[in-house]
Amino acid sequence: MNKPTFPPPHFEHHAARRHFLRHAAGLAVAGAAVARAQRVQAAVASRPDARRLDFSHTHTGEQLSLVYAVGSEYLPAALTALNRLLRDHYGGQVGSIDPALFDLLFKVQRELQAGAPFQVISGYRSPVTNTTLRKTRGGGVAKHSLHMEAKAIDIRIAGVALPDLRDAAQSLQGGGVGFYPREQFVHVDTGRVRRW
């Protein structure tokens with residue numbers, strides 16, 4: 001009498017099929033969400049009160065161009081995409097970026113009449129990353145950095161002189177503006193108005 005084999009030979013086939021179907025269903029849901037977000041973007045892009053931002057992340061190589069708000073309404077899918085782009089690129093943690101920061105960047109872009117994307121050096125920063133950077137960099141990383149509160153971003157724009165970017169941000173009086181010519185970026189945040 002033959003002993004049954006465990007698992008039965010057909011078990012692996014069924015398990016692989018179930019895994020494939022679950023994976024395919026997940027891709028279909030994700031694909032539907034992307035398609036829905038693209039339809040929303042296409043529908044709102046031509047509205048005169050649409051606010052659009054373009055980003056290129058210097059560390060991850062990711063690029064993102066989208067309408068993030070229309071009138072007084074922020075688009076949830078766009079904010080989710082922006083939060084993901086501006087995550088802590090060291091550890092991967094995603095923060096919930098202050099939408100007012102996007103409005104401030106939109107105003108900076110309009111002030112400069114810049115067509116090139118914002119080049120992102122740093123967005124959200126986890127407390128662990130912030131502490132590590134404070135210990136390993138020769139200064140310039142605040143202990144209570146607004147990057148940890150998802151209210152700050154370090155940027156530059158190709159073709160725009162760094163002093164011009166700084167001056168545009170300062171003129172808006174929307175928060176803090178730090179000038180880092182040696183590191184080639186401007187820090188912008190939605191904290192109290194100050195400059196350094």
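**Setting values against definitions**

Q: Which residues of helix 4 are buried, and what puts them on the same side of the helix?
A: In helix 4 the buried residues are Thr129, Asn130 and Leu133. Around the axis they cover an arc of only 100°, which places them on the same side of helix 4; the arc is that of the directions from the helix axis to the C-beta atoms. Residues count as buried under 20% relative accessible area, as exposed over 50% and as partly exposed in between, for a 1.4 Å probe and protein chains only. On the face turned away from the buried side, helix 4 carries the exposed residues Val128 and Lys135. This is a predicted model, in which local features need pLDDT of at least 70 and side-chain atom pairs count only at pLDDT 80 or more, while totals for chains, interfaces and linings use all residues. Residues are numbered from 1 along each chain as its sequence is written, and side-chain values use heavy atoms, with hydrogens and water left out.

Q: How do you know that the chain has five helices and eight strands?
A: Helices (H or I, at least four residues) and strands (E, at least two) are DSSP runs, numbered from the N terminus, and on that basis the chain has five helices and eight strands. Read along the sequence, they follow the pattern α-β-β-β-α-α-β-α-β-α-β-β-β.

Q: What makes strand 1 and strand 2 a pair?
A: Two strands pair if DSSP finds at least two bridges between them, and strand 1 and strand 2 have seven, in the antiparallel sense. Within this pair, arginine 52 stands opposite valine 67 in strand 2. Strand 2 also pairs with strand 3 in the antiparallel sense, over two bridges, which meets the cut-off of at least two. These two strands form a hairpin with two residues between them, and glycine 71 in the turn has a positive phi of about 60°.

Q: Why is one side of strand 3 and of strand 8 left without a neighbour in the sheet?
A: The eight strands form an open sheet with mixed pairing, in the order 3-2-1-4-5-7-6-8. Strand 3 (73–74) and strand 8 (194–195) stand at its edges, each with a single partner strand, so one side of each has no neighbour in the sheet. For strand 8 a pairing is found with strand 6 (residues 176–180), in the parallel sense and over two bridges; in this pairing glycine 176 has arginine 194 of strand 8 as its bridge partner.

Q: Which strands does helix 5 touch?
A: Helix 5 (residues 162–171) packs on the sheet and touches strand 5, strand 6, strand 7 and strand 8, and its direction makes about 170° with that of strand 6. Such angles run from 0 to 180 degrees between N-to-C directions, with axes that are lines fitted to C-alpha atoms, for helices over the stretch in contact.

Q: What makes a nonpolar core, and how many residues has the largest one?
A: A nonpolar core is a set of buried Ala, Val, Leu, Ile, Met, Phe, Trp, Tyr and Cys residues joined through side-chain atoms within 4.5 Å. The largest one here has 38 residues, and those with the most contacts inside it are Leu53, Phe55, Tyr68, Phe102, Phe118, Ile153 and Val188. Among the elements that give two or more residues to this core are strand 1, helix 3 and helix 5. Contact means heavy atoms within 4.5 Å, and, leaving aside neighbours within four places in sequence, the contacts of valine 188 include Leu101, Ile153 and Ala169.

Q: Is histidine 147 buried or exposed?
A: Histidine 147, in the loop between helix 4 and strand 5, counts as buried because its relative accessibility is 2%.

Q: Why is the approach of histidine 147 to histidine 187 called a polar contact?
A: A polar contact is a pair of N or O atoms within 3.5 Å; within protein, one must be able to donate a hydrogen and the other to accept it, and residues adjacent in sequence count only if both atoms are side-chain atoms. The side chains of histidine 147 and histidine 187 make such a contact at 3.4 Å. The side chain of histidine 147 also reaches the backbone oxygen of glycine 123 at 2.7 Å.

Q: What makes glutamate 183 partly exposed?
A: Glutamate 183 lies in the loop between strand 6 and strand 7, and it counts as partly exposed because its relative accessibility is 36%. Its side chain makes a polar contact with the side chain of arginine 182 at 3.4 Å.
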